[in-house]
Amino acid sequence: MEPSEPLRVVSLEKWFGKIHALRGVSFEVRVGEVFGLIGPNGAGKTTTLRIVATLLSPSRGDAYVYGHSVAREPEAVKRLISYLPEEAGVYKNITGADFLEFTAEIYASTRSEAEEMVELGARLSGLGARLYEPTSTYSKGMRRRLLLARTLMVRPRLAILDEPTTGLDVYHAVEVRKAIKHYVSETGAAVLLSSHNMLEVEYLCSRVAFIHEGVIVDSGTPDEIKAKYGASNLEEAFIQAVKSGGAVG
Ligand SMILES: Nc1ncnc2c1ncn2[C@@H]1O[C@H](COP(=O)(O)OP(=O)(O)OP(=O)(O)O)[C@@H](O)[C@H]1O
Ligand SMILES: [Mg+2]
């Protein structure tokens, strides 16, 4: 597998007992790309992201992060990625600033590197003075922004973001999307994200894949996909893609 390619997912399958959650998922994420995995509840987005993040092992198939197999070389993969889970909590009794500091101490190898990380995290969070208050005083959206800041500030070569803007108001969702775009253009890293929000995906993603019942029913640039189905937006295109039978079973 290409060591310069951020991610290649190859025929991933996942069974949870009798549930066939992923039925042969394949796609790739290129350098400098924000790639969006979109689909309805239960489609298999989180399962795919958790496998790429090495938190879940595939039943079949594999994924390669810069050429490293998630199944065989999880330690190498862990050094290249950072993962924002769908539902994540923050420690309640510390301040946001402490939370970022704590993370930086784990990831950075020198003091100055840690300081840079915290500075970037503080900026990405957009929390300003509230960063110095206990996270127990934060709103849901503020906690989400802190977690996103933490995920990106360690400068992963591949950021894996499960519904990054869930729970954010329009204003802060826009800020977070800008932060993600800016991160990619500044670092040349790549992002794999999941979302239900097709508007968000159109703004953020250079390419997308539609996932439905554990199968990728189509993928391409938002413009390509809309043109293919004669749709004026991605929502319409998604409905068409599912109808035209990309999904099996
Ligand atoms: N730990 C688990 N045990 C059993 N079944 C699971 C487990 N995790 C996921 N599943 C099943 O796998 C399928 C895919 O779930 P997944 O969480 O990947 O969907 P999703 O696309 O992220 O949905 P959502 O939009 O609701 O977050 C679902 O049928 C779900 O019930
Ligand atoms: Mg999910």
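This is a predicted model: local features need pLDDT of at least 70, side-chain atom pairs count only at pLDDT 80 or more; totals for chains, interfaces and linings use all residues.
## The protein as a whole

The protein contains 9 helices and 10 strands. Its radius of gyration is 18 Å, close to the 18 Å that the globule rule gives for 249 residues, so the protein is as compact as a globular protein of that length. Along the principal axes, the C-alpha atoms of the protein occupy a box of roughly 50 × 40 × 35 Å.

Among the 249 residues of the protein, 44% count as buried. Where contacts in the protein join residues at least 6 apart in sequence, 66% of them link residues at least 24 apart.

## Helix α6

Helix α6 covers residues 170-187, 18 residues in number, and its first and last C-alpha atoms lie 26 Å apart, close to the 26 Å expected at 1.5 Å a residue. Which residues of α6 are buried? They are Ala173, Val176, Arg177, Ile180, Tyr183 and Val184. Viewed down the axis of α6, these buried residues fall within an arc of 120°, so they line one face of the helix.

The buried residues of α6 pack against β3 (34-38), α5 (140-153), β8 (190-195) and α7 (198-204). On the face of α6 turned away from the buried side are the exposed residues Tyr171, Ser185 and Glu186. Just after α6, glycine 188 adopts a positive phi of about 70°.

Lysine 226 belongs to helix α8 (residues 222-229). Is lysine 226 buried or partly exposed? Lysine 226 counts as partly exposed because it has 18 C-beta neighbours inside 10 Å, whereas a buried residue requires 20 or more. Leaving aside residues up to four places away in sequence, lysine 226 touches Ala231, Ser232, Asn233, Leu234 and Ala237. Lysine 226 and glutamate 202 are 24 residues apart in sequence, and their C-alpha atoms are 11 Å apart in space.

In helix α9 (residues 234-243), the buried residues are Leu234, Ala237, Phe238 and Ala241. They cover an arc of only 105° around the axis, which puts them on the same side of α9. The elements covering these buried residues of α9 include α7, β9 (207-212), β10 (215-220) and α8.

Serine 11 lies in strand β1 (residues 7-16). Although serine 11 is not a glycine, it has a positive phi of about 50°. With 14 other C-beta atoms within 10 Å, serine 11 is partly exposed.

Tyrosine 66 is found in the loop between β4 (60-65) and β5 (68-69). Tyrosine 66 is not a glycine, yet it has a positive phi of about 45°. Tyrosine 66 is buried, since 21 other C-beta atoms lie within 10 Å.

Terms used: Residues are numbered from 1 along each chain as its sequence is written. Chains are lettered from A and ligands numbered from 1 in the order in which they are written. Helices (H or I, at least four residues) and strands (E, at least two) are DSSP runs, numbered from the N terminus. The expected span of a helix is 1.5 Å times one less than its number of residues. A residue is buried if 20 or more other C-beta atoms lie within 10 Å of its own, exposed if 12 or fewer, and partly exposed in between; C-beta atoms are placed from the backbone. The arc is that of the directions from the helix axis to the C-beta atoms. Two residues are in contact if their C-beta atoms, placed from the backbone, lie within 7 Å. The radius of gyration is taken over C-alpha atoms; the globule rule is 2.2 Å times the number of residues to the power 0.38.
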